[in-house]
Amino acid sequence: MKKSLVIHILVIVIAAAAGSMIASALVNDQGRVSVNRNKTASKAMFGFNKFLADVQWMLFINYCGSIDSIKDQNVDEVYNRLAAILKNDPDFQKAYEIGALMISIKASDKAVELLKQGTDNPRLSTNWKIPFLAGFVMNHNVPKDKLGALIGKIKADSHWFFETAAKRSSPPEPHVISSLMRAKAEKLLNKKWKENITIVNEKHALLCAWIDEALNASKVRMGTDDSGYSIVVSSVKDMNQKILQQAANLKKNYPDNQNVLNTIAYLKANYLKGQNFCDACLAVYGPGDKFCSSCGTKVIVFGVCEDCGAVKKGAHCSSCGAPKGAAAAPAPKAAEKK
Ligand SMILES: [Zn+2]
Ligand SMILES: [Zn+2]
């Protein structure tokens, strides 16, 4: 009897000790479990937010199907739904690209703001469509009286957006380049370009923007400038041809405009040094040509042997054997004579 009582008490004491040990172990475990739970919870929340954004996107598409067009009455609702999707998943590229275009007519400034958010998102830094769309909507849909306030608010203009798009795409699509150049040209409009040249109109501005670009690019090539302007030039196959074509069209339409003529003179003196092209139509002509093959105007002959008049091909005249002498570079000489 006595012995069994002692064993009983012993069991109770051991059980109590074991119980408290297990209890404290459990509490520690619980702590560990709950810490882990917090970590997994935040991960799960992120995934959950993406999931939520997907669901919201489906509902959004559904909602857009239920309205026949975006109007003043529903544009706020459409915008709010988009903003909610992008809050849950700021990396949702389609929501920027498609959604912003949907509201671009009725709420163009809000569309540009959303696209700016997408452009600034470092995880979308290889997406060139988002900045391109931002520039496009800004240029086409934002009313002129709202433009200044919008640029002030988001600290970016269409030129910045197009340049960002061009830098992100390699090589840039032709429409990215032409948009970028038009944005550059817009900044030149109604301003003085060079000392004796005032920009006449959009086409003139565009030509001058291209000349600037080409000159900057040649500076980049020579290592005196590293502002990265060559993105544009390196993506254009025949820069000279492109610039001459624009200059020729401008001259055709404004044959007596002194600003246009001065621009062509500037082009000759600075960019196309040593190139031979027809004064009348600006078509490039080859060595030995006496008349422009495009318009028939008499041109200054270059690249021929001074002794026999044959076209020079190498170090010596292939017709009479005379070496390439003092008349080795007749092209600039011919240009100076005028
Ligand atoms: Zn010609
Ligand atoms: Zn010869």
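Picture each helix axis as a line fitted to C-alpha atoms, for helices over the stretch in contact, with angles running from 0 to 180 degrees between N-to-C directions. Helices themselves (H or I, at least four residues) and strands (E, at least two) are DSSP runs, numbered from the N terminus. What you're looking at is a predicted model, where local features need pLDDT of at least 70, side-chain atom pairs count only at pLDDT 80 or more, and totals for chains, interfaces and linings use all residues. Residues are numbered from 1 along each chain as its sequence is written, chains are lettered from A and ligands numbered from 1 in the order in which they are written, and side-chain values use heavy atoms, with hydrogens and water left out.

Let's begin with some helices. How do α3 and α4 cross? Helix α3 (residues 93–103) and helix α4 (residues 108–120) have axes that come within 8 Å and cross at roughly 165 degrees. That makes α3 roughly antiparallel to α4; for this label, angles under 35 degrees count as roughly parallel, over 145 as roughly antiparallel, 65 to 115 as roughly perpendicular and the rest as oblique. The crossing of α3 past α4 is left-handed, a word used if the near helix is turned anticlockwise from the far one by less than a right angle, with right-handed used if clockwise.

Now step back to helix α2 (residues 75–88), which packs with α3 at an angle of about 165 degrees, their axes 10 Å apart. That makes α2 roughly antiparallel to α3, and α2 passes α3 in a left-handed crossing.

While you're in this area, find aspartate 120 in helix α4. Aspartate 120 is partly exposed, at 44% relative accessible area. Here buried means under 20% relative accessible area, exposed over 50%, and partly exposed in between (1.4 Å probe, protein chains only). From aspartate 120 to isoleucine 130 is 10 residues in sequence and 9.8 Å in space, C-alpha to C-alpha.

Next, a backbone detail. Most residues other than glycine have a negative phi, and most peptide bonds are trans. Asparagine 190 has a positive phi, near 60 degrees, and sits in the loop between α8 (174–188) and β1 (192–194). With 67% relative accessibility, asparagine 190 counts as exposed. Leucine 282 also isn't a glycine, and its phi is positive at about 65 degrees. You'll find leucine 282 in the loop between α12 and α13, and at 3% relative accessibility this leucine 282 counts as buried.

Time for the metals. Which residues hold the zinc ion (ligand 1)? Its protein donors are Cys278, Cys281, Cys292 and Cys295, each through SG, at 2.2 to 2.3 Å. (Donors are N, O and S atoms within 2.8 Å of the metal, or 3.2 Å for Na, K and Ca; water is not among the atoms, so sites may look incomplete.) Along the chain, the donors of the zinc ion (ligand 1) follow the spacing C-x2-C-x10-C-x2-C. The four donor atoms subtend angles of 103 to 113 degrees, so the arrangement around the zinc ion (ligand 1) is tetrahedral. Ideal angles for four tetrahedral donors are 109.5 degrees. Among these cysteines, cysteine 292 is buried at 4% relative accessible area, while cysteine 295 is partly exposed at 37%.

The zinc ion (ligand 2) has its own set of protein donors: Cys305, Cys308, Cys317 and Cys320, again through SG, lying 2.2 to 2.4 Å from it. The site of the zinc ion (ligand 2) is tetrahedral, with angles of 102 to 114 degrees among its four donor atoms, and the spacing of these donors along the chain is C-x2-C-x8-C-x2-C. Cysteine 305 and cysteine 320 both lie in the loop between α12 (258–271) and α13 (330–337), so the pair ties together parts that are 15 residues apart in sequence. Buried or exposed? Cysteine 305 counts as buried, at 4% relative accessibility, whereas cysteine 320 is partly exposed at 41%.

Aspartate 307 also has its place in the loop between α12 and α13. Aspartate 307 is exposed, with a relative accessible area of 62%, and its C-alpha atom is 9.6 Å from that of serine 319, 12 residues apart along the chain.

How many disulfides are there? A search of the whole structure finds zero, where a disulfide is a pair of cysteine sulfur atoms within 2.5 Å. One more cysteine to look up is cysteine 208, which counts as buried at 0% relative accessibility.

Terms used: Tetrahedral: all angles 85-135°; square planar, octahedral: opposite > 155°, others 65-115°.
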